[in-house]
Amino acid sequence: MLEPHAEYATAENGHIPIEAIAERVYGKPYNSLRGCQRDDEHLPNDIVKLYAFTSDGDYEEALDQFDDARVYLGWDPSIGEVVYKTGMTELDYWLSIRVADENTPATVEANPPETQDLQNAVFENRFFADRAFSPSLSLVLADLIRRGELPRGDYLFRHWW
């Protein structure tokens, strides 16, 4: 099943990085650290985290995020409320964020406020686009399993900052 991704296996351990699979499937790099921290805000920058989709319940719970179709944008102190973007999933929202090129100029500043709606935003470079928003890693894994890109099972995620 992982054969299409075999060229991405690292020489050190033969593992295929989730980031490589996500980039091939979605056509853009996945900022795994921010996504992993979205699953657990207390994760430090230097982490090892194991994601286990071993039961149907775990898998279905992750897939339920697709049905919620809303994105948390943060606390807006001006109105004293939490702000959500409705009508789209985290994955859709992330895929709409792009990087400027010779045909498409940037439309947002490098460090927009957390509550700013970034749907279809165009950033000056990849660094700022990656920092702006990344979906939950569990959501990405569930989507890749749903698409048949990954077998169901345990996934070791590592990020060294």
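Axes here are lines fitted to C-alpha atoms, for helices over the stretch in contact, and angles run from 0 to 180 degrees between N-to-C directions. Helices are DSSP runs of H or I with at least four residues, strands are E runs of at least two, and both are numbered from the N terminus.

I then listed the residues in contact (heavy atoms within 4.5 Å). Helix 1 contributes I18, I21, A22, V25 and Y26, and helix 6 contributes L137, V140, L141, D143 and L144. By class, the contact of helix 1 with helix 6 has 9 nonpolar, no polar and 1 charged residues. Ala, Val, Leu, Ile, Met, Phe, Trp, Tyr, Cys and Pro count as nonpolar, Asp, Glu, Lys and Arg as charged, and the others, Gly among them, as polar.

**Basis of the entries**

I record that this is a predicted model, in which local features need pLDDT of at least 70 and side-chain atom pairs count only at pLDDT 80 or more, while totals for chains, interfaces and linings use all residues. Residues are numbered from 1 along each chain as its sequence is written, and side-chain values use heavy atoms, with hydrogens and water left out.

**Helix 3**

I checked the length of helix 3 (residues 56–68): at 1.5 Å a residue its 13 residues should span 18 Å, and the end C-alpha atoms are 19 Å apart, which agrees. The expected span is 1.5 Å times one less than the number of residues.

The axes of helix 3 and helix 6 come within 9 Å and cross at roughly 100°. Helix 3 is therefore roughly perpendicular to helix 6. Y59, A62, L63, Q65 and F66 of helix 3 meet S138, L139, A142, D143, I145 and R146 of helix 6. I sorted the residues of this contact into 7 nonpolar, 2 polar and 2 charged.

The buried residues of helix 3 are Y59, A62, L63 and F66; buried means under 20% relative accessible area, exposed over 50%, and partly exposed in between (1.4 Å probe, protein chains only). Their cover includes helix 4 (90–96) and helix 6. A69 follows helix 3 and has a positive phi, near 45°.

**K85**

I located K85 in strand 3 (residues 81–86). K85 is buried, with a relative accessible area of 16%. Beyond its neighbours within four places in sequence, K85 is in contact with A69, R70, V71, L73, Y93, D117 and Q119.

N120 lies in the loop between strand 4 (98–99) and strand 5, and its phi is positive, near 65°. At 43% relative accessibility, N120 counts as partly exposed. I placed N125 in the loop between strand 5 (122–123) and helix 5 (126–132). N125 and V99 are 26 residues apart along the chain, with their C-alpha atoms separated by 5.6 Å.

**Whole chain**

I counted 6 helices and 6 strands in the protein chain. Buried residues make up 41% of its 161 residues.

Definitions and conventions. Parallel < 35°, antiparallel > 145°, perpendicular 65-115°, else oblique.
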